[in-house]
Amino acid sequence: MEADLNFNYTFDEYVNHFHVFLEEHNLRKTYERNIILHTIYEFEEHFTIDLLQEHLKYKKYHVSRTTLYKTLNLLIDAGLIIKHHFPSQATPQYEKSHITGTHNHIYMEDTNIVMEFSDSRIEEIIKSIESKYNVSAIRHSFIVYCTNKEGK
């Protein structure tokens, strides 16, 4: 399914996109999936499965770890979230996919902090690659691994 959401998608668009994905794959729309989806939509930053589970517990929702993993995988397949594996972190981090709002990451190896940035020059490089190799980029991942200069 091609994601047709924009950077400022509403929660209703987010839910509708997921429900269309579930229908296309003959999967059920469950209460647990909707609760997980709603909780993820509220995140503004990267999150881990542990943080997601904490938020669900705080809201008095009990969702099994298995359901969390399965739903996260469905949301990845639907193009609604992205999974990142940053070094020195035992568990992957996730974030909402902004579809057309591409961005990149700076990973601070000494503090495990992840920062986001955009730079039009990277987009120009992607376009150049598409032209040179006659391909269409679906997504890209650009991570700059850094340490704090002040600590050296």
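**Figure 1. The whole chain.** From the N terminus on, the elements of the protein chain run α-α-α-α-β-β-β-β-α-β, which comes to 5 helices and 5 strands. Helices (H or I, at least four residues) and strands (E, at least two) are DSSP runs, numbered from the N terminus. Please keep in mind that this is a predicted model: local features need pLDDT of at least 70, side-chain atom pairs count only at pLDDT 80 or more, and totals for chains, interfaces and linings use all residues. Residues are numbered from 1 along each chain as its sequence is written, and side-chain values use heavy atoms, with hydrogens and water left out. Taken along the principal axes, the C-alpha atoms fill a box of roughly 45 × 45 × 25 Å. Of the 152 residues in the protein chain, 32% are buried; buried means under 20% relative accessible area, exposed over 50%, and partly exposed in between (1.4 Å probe, protein chains only).

**Figure 2. Helix α2 and its cover.** Here is helix α2, residues 31–42. At 1.5 Å a residue, its 12 residues should span 16 Å, and the end C-alpha atoms are 17 Å apart, which agrees; the expected span is 1.5 Å times one less than the number of residues. Buried residues in α2 are Arg33, Ile35, Ile36, Leu37, Thr39 and Ile40. Their cover includes α1 (11–24), α3 (49–58), α4 (65–77), β1 (81–84) and β2 (93–96).

Figure 3. A search of the whole structure finds 7 aromatic pairs. Rings of Phe, Tyr and Trp (its six-membered ring) pair if their centres lie within 6.5 Å; planes under 30 degrees apart count as stacked, over 60 as edge-to-face and the rest as tilted. Tyr31 and Tyr61 have ring centres 6.3 Å apart and planes at 75°, so this pair is edge-to-face. The pair links distant parts of the chain, with Tyr31 in helix α2 and Tyr61 in the loop between α3 and α4, 30 residues apart. Tyr31 is exposed at 55% relative accessible area, while Tyr61 is partly exposed at 28%. Phe43 and Phe47 form a stacked pair, 4.6 Å centre to centre with 10° between the planes, and both are buried. Look also for Phe11, Tyr14 and Tyr41, which form one aromatic cluster.

**Figure 4. Salt bridges.** Side chains of opposite charge can pair when their charged atoms come close. A salt bridge is a side-chain nitrogen of Lys or Arg within 4 Å of a carboxyl oxygen of Asp or Glu, and the count comes to 4 salt bridges. One of them joins Glu23 and Lys29, with the closest N and O atoms 2.6 Å apart. Glu23 is partly exposed at 46% relative accessible area, and Lys29 is partly exposed at 43%. Another joins Arg65 and Asp50 at 2.7 Å between the closest N and O atoms. This pair links distant parts of the chain, Arg65 in helix α4 and Asp50 in helix α3, 15 residues apart. The side chains of Arg121 and Asp119 also meet in a salt bridge (2.6 Å, N to O), and Arg121 is exposed at 55% relative accessible area.

**Figure 5. A nonpolar patch on the surface.** Ile125, Ile129, Tyr133 and Val135 form this patch, with about 390 Å² of accessible area together. Patches are made of residues with over 30% relative accessible area and no salt bridge: like charges are joined within 9 Å, nonpolar side chains (Val, Leu, Ile, Met, Phe, Trp, Tyr) within 5 Å. Accessible areas come from the Shrake-Rupley method with a 1.4 Å probe; for residues, only the protein chains shown count as cover. Tyr133 is found in helix α5 (residues 120–133) and is exposed, with a relative accessible area of 54%.

Definitions and conventions:
Contact means heavy atoms within 4.5 Å.
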